[in-house]
Every structure is written in C-alpha cells, then in structure tokens.
Amino acid sequence: MDILIGSLVAGILIGMILALVALGLTIIFGVMDVVNFAHGEFLMVGMYTGLLTAQATGMDPLLTLPVSAMVGFFLGVVCYYGFIKFLMRGPMVAQLLGTFGLMLFLRNLALLIFGSEDRALHHGLLVGKSFSMGMGVIIPATKLAAAILSVFAFLAIWLLMNRTKTGKALTATALNAQGARYMGIPTDRMNALAWGIGGASVTIAGALLVNFWSVNPFVGLLFTMIAFAIVALGGFGSVPGAFFAGIVVGMIMEFPGFWDFLTYTLNWDWMMDVPMTSFKYTGVYLAYFIIMVFRPRGLFGWKH
Amino acid sequence: METLRSAFDFSDFPRLDISIAGIIAIFLLVFPLFSSSAFAMATMIQFLMFSLYGMGWNTIGGYGGQVDLGKAQYVGIGAYTTAVLLIRWDIPFWFSMPLGICFAVVWSFIIGYPLFRLKGHYFAIATIATSLVLMDLFGVWEFVGASRGLEISPIKYHPPDFWRLIFKEDIYYYYVILCFFFIGILYVNGFRKSRLGFQLRSIKDNEDVARSLGINVHWAKIKTYAIATAFVSMVGSFHACYIKSIEPEDTMSLDISILIALMAMLGGAGSLWGPIIGAAVLIPLKSYLKEWLGAAAGLAGIDLVIYAMIIMLISALEPRGIWGIVEKRRRRKRQ
C-alpha cells in the first residue's frame, strides 16, 4: 500500500514540475503554430543558469529563479527576432528543421563550454532534506518546494493570459493573427512576447529541476519529448490542459512503482521479470502516440 | 517493360544536368582506383548510404510532403534482422536483406495506418515517438543483445565472402553500395513518373482536391511510406554488415532520423537530385569537421556547433534547399 501512495505522491510532484516544463511549449505553439524542438535545450540553459548562479554567489538555489527567468526571457526574445522570424516565411518543414538546428546548436555549445560530465547541486537550504508523511511515504523537500513554486508560476501565467490586456492580445494573435493585426495589435511583438514567456517559464522549471536532477548537455531531448507528450495530452495551446496533463504524465513516469505494487499484491512471478524501469519513458512516448491518433485535440484543446 | 523504360528515361531533365550527372557517375565508378586514403573511402561509403536513405525519405517526405522524423527505426529493423540471422543461423546477407525489408514494411503498415490520420507537425512528432518506443524495446530485448547490441566478428568467416557481405577491404563495400545507389536512382526516377508519384504530388499540393479527384489519399500515403521504408531498411542491412557492430543507441537514435530528413531538405526535397546533393554536402562536411576540429582537446562539440549553424542558416534563408536555388536561377533566366 505504501508503495502505491508513494508512487502516487511522487507522480503528482514530478508532474507539477513537468507541467511547467511543457507550459512554454504550449504557449509558443498556441500563439504561433511553431513546434519548438529546442525546448528541452532551453530547459538545460535554465538548469545550468540555476546551478552556476547558485555556485557562484553562494545563494540558495531556489533564490536564483529570477536570474533564470530573465535569462530565459532574453533567450526566447533573441531567438525569435534573430532566427524564428525568418523561419516563419518558409514552409512547415523549414520550421521543424530550423528549430532542430537550434537544438543542436544550444546542446553542443553547452558541450563546448561545460563539458559532458554530469553536474549536480550539493548545497542548498533544502537539498538532500526530506520529511516523512507517515505510512512510509517520504517526500524530498526540494521536490515539494519545486512543485509548489511551479503551481505559483502557473497561476501567474494563467492570470497574465486571462486577466490582462496583453494576455488578451496574445490570445487574439493565437486565434487569428491577421485579424489581430487589423485591430492594431502588434503581432510581431506578441510573438516575441510568447517566446519570451515560453523561455522564461521553461528556464524557471529548469532552475527548479536542478535541485534534484543532475544536468549535462544532453538532458534536453528527454524533456522535449515529455513536454510534447504533455502538450498533446492537454491540447495544443491550452494552459490549464498542460497542468492536468503534466500530472497525468508524471503518473505515467511513476508507472514502475505501480507495477511493483501490482506485483506484490497479485504475487505473480512473471511480473517480477519485466524490466519495468527501462520502460519508464516508453510509456510517455506510447501515451503521446495513442493520444495523437485517437484524440488529436487533446483533453482541453481549443485549437486545431 | 513500360516501367523499366520509364526508369531509364531521363529526357525531361536539361542536357546540362544529364551530362553533369554522367560525369559524376563515372567519377564514382573510378574513384577507388585513384584514392588510397581509407578515410576518404569511408566518407564516400557514408555518402552513398545517406543518399540512399535520403532518396527513400524523399519519396514520402519530398514528393508526398509528409515530414517523417522516424526513419531510424527502419534502419534498426534492417540492421538487426541481418545481424541476428547471420549470427544465430548463418543466413547470408542476400537472403536476410529482403527478409528485413519484409519485416520493416509490415511494421510500417502497422504504424502507418494510424499515423497517416495525422498531418503536419502532429505526424512528424508521432513518428519520433514510435521510433523511440522501438528503440527502448530493442534496448531491453535479450534476444537481440539488449543495450549491448550485436557484434559480427569477421574472424569466423573467410573474407572476402560475397554471400555474407563480409569483407576486409572497404573497396568491396564501396562497389556493393554503389550498385544499390544506381538502382535507387533508377527506381526513384521511375517512381516520380508513375501513377503513385503523380498522386502523391497532388496530395502534397492539396489533399482535399486530391481526394475529390478520386485518389485514395490514405492508401497512397501508406504505400509510399512502405517504399521509403524498403529503401531505408535495405541500407540498414548493409550498415550491419559494413559497421559490424550495432547497438540500439547508434542505429535507431533520433539523430539519424533527423540527419536523413535534413539531407533531403538541404539538397531540395521533392527533386530527384536533392537528397544526393544534400548528402554530398553534409556527409563530407560532418566527417571532415569532426576530423579537423573534434579531435582537438577541449573542443568537443565545436564541429556540431558549426554544423548546426549551417542547418539554421539554410532553413531560415533558403527552405527549398540547394536545388531550389538552382531552379530559381533557371526560372529567372527563362523570363
């Protein structure tokens, strides 16, 4: 039983952070129909920023979030004006391969600067601490803090999108860019803003993630795929959808835990032999495939 | 007979193109006689392999406009079929390669049927997902060596062994893949003038119009996907015999899928020469950059940084690729 609750809690916590990872992707996709393959690399930039700022200044890693957010916003805006804007003139194929080129570029630049070894945080207010919830369920403090902060970030983005004039302009651009332009909305600047917000939210997620996940230049691809799965499940362009889908995908990633629970309860021997931990991410990819084929709009999709 | 004649008929190209292609073909035939560098030879074999992958991708991605980013799974199926059959039952390459193509085509039908309900980005990302699922499965499947992969040890056989395609010198491999290369060009040349080829181009232009003309869009895409798969799986089998050691991580990774698509894109998707030009530019660039820069200490990754910058420049400035530039020039001259 404690395995079940443990997996459930772990799935929800990691899911909240993954939802924040996917948020940037869904905003960028919603506003301008571009699939950003470099999304995981933005996350990596956020992780390195959080790690290096914390190490250089000696601050607690959780206090470096504003730095990461600023770096991410800047990165997103620069990418838009310097590169994505030119891609938009070409066909969809060019956008796919262009953002893939961006991904290769950022990844190998990181390899060139930081080397290929894993880096992890060892000091910090919460690093390594955990508390027990009873029934054998142990929650690492870093994960809990990251999940809570992720919820706050989500609320902030949701308020921005739904309660401010800028957010309305963004939504208008997403629904009909040409119409928005006729209404006097600077769509070009709105696109850049979408990239800025997207970049900032994913780098914040990176800075949260680095508290309990070691970083290397190749970390991005896995998160890009996870983020795609979340965005597909939640519906392309939907902010609340990303949140709930994040939690679902977090659960899927904790599937080995549920499998263990079933193995012990049912006591079937063949279940022991299945190397479930190797399929941790396979489930995510499979979920993506199944969702795309049977419900391409996702659970909360409003745009297709 | 008619299809055969159509495959050998290059008369719709300008005479200049045909003569350049002829000179290059002769160069490829005599290249090993002049070159003694093993590195240049390996690069050339890579070039031929990737232009074949690119030609396969071009049928569905270029003529059909369906961006497939999961071709590596078929490289894996072909390579693993050949390697497993050779190691376990000593079945030679020339039997295992068609068998590998059969497996790959069956798999392409299984996933192609649901996949082609999707369009655009959705299709592209879904192909990545299937490819990664297959890679994970091969990574734990003990029968095919799990994540350690398989190794064909050449000592057991007596090279040169033409049946099993086990050679010591690269020159044999070079001529085998060169044969495939010429057959591939002839096939694609026939394909683009076939009924299916015209159907696909009309699907690319406008799917609804194509459907209203009575074309079975879904089935046409699946058929072409199977053709593309056969190309890729064939070269995958060759890859197993040539490299002799295969792992899920390097035969089925996303990087290979993207490289295949990139090659065709860079040269010009939807044209006969596009994938070949793309491979001729990218493969030497990649291997020589790695040779010159990658080996230097402390510079790991700089070759790929330059490579990525070239990809970004091409996709931002000329999305129709090198062949697109040539065609634009020609159209301007005609006016």
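This is a short walk through a predicted model with a chain A and a chain B.

Hi everyone, and thanks for coming. Let me start with chain A as a whole. Its secondary structure comes to 13 helices and 2 strands. Chain A has 304 residues, and buried residues make up 51% of them. If we take the contacts in chain A between residues at least 6 apart in sequence, 80% join residues at least 24 apart.

Now, the core. The largest nonpolar core has 192 residues. Which residues touch the most other members? They are A:Ile17, A:Val21, A:Ile230 and A:Val249. As for who supplies this core, helix H1 of chain A, residues 2–32, gives the most, with 17 residues.

Let's stop at A:Val249 for a moment. What is A:Val249 in contact with, once we leave aside its neighbours within four places in sequence? The list is A:Gly15, A:Leu18, A:Ile226, A:Ala229, A:Ile230, A:Leu233 and A:Val284.

The crossing is left-handed. On the H9(A) side we find A:Met225, A:Ile226, A:Phe228, A:Ala229, A:Ala232 and A:Leu233. They meet A:Val284, A:Tyr285, A:Ala287, A:Tyr288, A:Ile291 and A:Met292 in H13(A). By class, that contact has 12 nonpolar residues, with no polar and no charged ones.

Here is another pair to set beside it. Helix H3 of chain A, residues 65–87, packs with helix H8 of chain A, residues 187–209, at an angle of about 140°. Their axes are 7 Å apart, and this crossing is right-handed.

While we are on H8(A), a word on the helix itself. H8(A) has 23 residues and reaches 32 Å from its first C-alpha to its last, close to the 33 Å expected at 1.5 Å a residue. H8(A) is also mostly covered, with 20 of its 23 residues buried.

Next, a loop. Between helix H4 (92–114) and strand E1 (130–132) of chain A you will find A:Arg119. Why does A:Arg119 count as partly exposed? Because 16 other C-beta atoms lie within 10 Å, while a buried residue needs 20 or more and an exposed one has 12 or fewer. Away from its neighbours within four places in sequence, A:Arg119 is in contact with A:Leu51, A:Ser214 and A:Val215. A:Arg119 and A:Ser214 are 95 residues apart in sequence, yet 5.3 Å apart in space, C-alpha to C-alpha.

Finally, over to chain B. The contact between the chains takes 37 residues from chain B and 36 residues from chain A. On the chain B side, the elements that give two or more residues are helix H6 (120–140), helix H12 (254–267) and helix H14 (302–317). H6(B) gives the most, with 13 residues. The residues on that side divide into 29 nonpolar, 6 polar and 2 charged.

One last helix in chain B: H15, residues 321–334, has 14 residues and reaches 20 Å, close to the 20 Å expected at 1.5 Å a residue. In H15(B), the buried residues include B:Gly321, B:Ile322 and B:Trp323.

Note on methods: Residues numbered from 1 in each chain as written. Chains lettered and ligands numbered in written order. Predicted model: local features only at pLDDT ≥ 70, side-chain atom pairs only at ≥ 80, totals over all residues. Core = buried A, V, L, I, M, F, W, Y, C linked by C-beta atoms within 7 Å. Helix = DSSP H or I, 4+ residues; strand = E, 2+ residues; numbered from the N terminus. Contact = placed C-beta atoms within 7 Å. Expected span 1.5 Å × (residues − 1). Axes fitted to C-alpha atoms, helices over the stretch in contact; angles between N-to-C directions. Left-handed = near helix turned anticlockwise from the far one by under 90°. Nonpolar A, V, L, I, M, F, W, Y, C, P; charged D, E, K, R; others polar.
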